Amino acid sequence: MLDQVEEINAIIVGANGGIGQALKQNLANRPNVKSIESFDREHYPHFDITDPESFSPTFAGWQQEGRKFNLAIIATGALIIDGAPPERRFAELGAQNMANHFALNAIGPAMMIQQLLPLMPRDEPAVIAALTARVGSIEDNHLGGWVSYRAAKTALNQIVRTASIEWTRKNQESALLAIHPGTVDTRLTQDYAHPKKVSAGIAADKIINCIYNAKPPMSGGFYDNQGKRIPF
Ligand SMILES: NC(=O)c1ccc[n+]([C@@H]2O[C@H](COP(=O)([O-])OP(=O)(O)OC[C@H]3O[C@@H](n4cnc5c(N)ncnc54)[C@H](OP(=O)(O)O)[C@@H]3O)[C@@H](O)[C@H]2O)c1
């Protein structure tokens, strides 16, 4: 869909993160990308995705100006919040840490999608992608642990699915996707060894290809970076 679009005006939320930076670089090299808005704490120092008041006035202003984006990627998130490592056992679960995960990894992206939707075109191809995680798959959970991060990403997948249904009614050329980026070498994974960890540049290329090839029937789904469905 987006590969056929003449001009892409993109916004990357969390463009200063490991994957966010690589996504920005990758998009900058695509011939049909006209502009990229980096919505992150470097360019908008007061931005905090857990606080909608820190970003909704900017988005409302853009709406009034008639600004449009036809691609948005939400690349914020964290595995360790306030120094609390992901739980290895259920006994380590803490209410505050779990609430922090929901605020950052689920509610924040939900409120961001709410602000992004009015900035997307009607009746023209448009994609919103939120970076989720394979560990948010309920069916694929055979290891246990990491309950707060997992559950927040599971919630994000449901948020994406729900918002996609409404968006499709308004724009049949839209796709709202939950994408697992792969295991990527960034600050988020620096304390975790993984045999399949790849560079952010390699992951970004796959993610952008997946986004460019997305079609409306894919909307609301949960995908790996090759566009292959992951079970919910
Ligand atoms: N790396 C992986 O292997 C992997 C695997 C599965 C899923 N993911 C998902 O991919 C996404 C990106 O991860 P990454 O690996 O690129 O991590 P990263 O390098 O740590 O980047 C995280 C991004 O989130 C931003 N952020 C964190 N808290 C924020 C807040 N309260 N308000 C605004 N921005 C905030 C960071 O901004 P600051 O730099 O300003 O803090 C940064 O831009 C996350 O959703 C993560 O769960 C990553």
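This is a predicted model: local features need pLDDT of at least 70, side-chain atom pairs count only at pLDDT 80 or more; totals for chains, interfaces and linings use all residues.

A: Helix packing

Residues are numbered from 1 along each chain as its sequence is written, and side-chain values use heavy atoms, without hydrogens and water. Helices (H or I, at least four residues) and strands (E, at least two) are DSSP runs numbered from the N terminus.

The axes of H2 and H3, being lines fitted to C-alpha atoms (for helices over the stretch in contact, with angles from 0 to 180 degrees between N-to-C directions), come within 10 Å and cross at roughly 15°. That angle makes H2 roughly parallel to H3, since the term covers angles under 35 degrees, with over 145 roughly antiparallel, 65 to 115 roughly perpendicular and the rest oblique. Contact, meaning heavy atoms within 4.5 Å, is made by Ser 56, Phe 59 and Ala 60 of H2 and by Met 112, Gln 115 and Leu 116 of H3. These residues divide into 4 nonpolar, 2 polar and no charged, where Ala, Val, Leu, Ile, Met, Phe, Trp, Tyr, Cys and Pro count as nonpolar, Asp, Glu, Lys and Arg as charged, and the others, Gly among them, as polar.

Helix H3 (residues 95–116) also meets helix H4 (residues 147–170), and their axes come within 8 Å and cross at roughly 20°. That makes H3 roughly parallel to H4, and the crossing of the two is right-handed. On the H3 side the residues in contact include Asn 97, Met 98, His 101, Phe 102 and Ile 113, and on the H4 side they include Ser 148, Tyr 149, Lys 153, Leu 156 and Val 160. In this contact of H3 with H4, 14 residues are nonpolar, 4 are polar and 1 is charged.

Elsewhere, the axes of H1 and helix H5 (residues 200–213) come within 8 Å and cross at roughly 60°, which makes H1 oblique to H5. H1, too, passes H5 in a right-handed crossing. Among the residues that meet here are Ile 19, Leu 23 and Leu 27 in H1 and Ala 204, Ile 208 and Tyr 212 in H5, and this contact holds 9 nonpolar, 3 polar and 1 charged residues.

As for the surroundings, an open sheet of 6 strands has the order E2-E1-E3-E4-E5-E6 with parallel pairing, strands being paired if DSSP finds at least two bridges between them. Its edges are E2 and strand E6 (222–223), each of which pairs on one side only. Strand E1 (residues 8–13) is joined to strand E2 (residues 33–39) by 6 bridges, and Val 13 stands opposite Phe 39 in E2. Strand E3 (residues 71–74) pairs with strand E4 (residues 126–131) over 4 bridges in the parallel sense, with Ala 72 facing its bridge partner Ile 128 in E4.

Helix H2 (residues 56–65) lies across E1 and E2, running at about 150° to E2, while H4 touches E4, strand E5 (174–179) and E6, its direction making about 175° with that of E5.

Methods. A crossing is left-handed if the near helix is turned anticlockwise from the far one by less than a right angle, and right-handed if clockwise.
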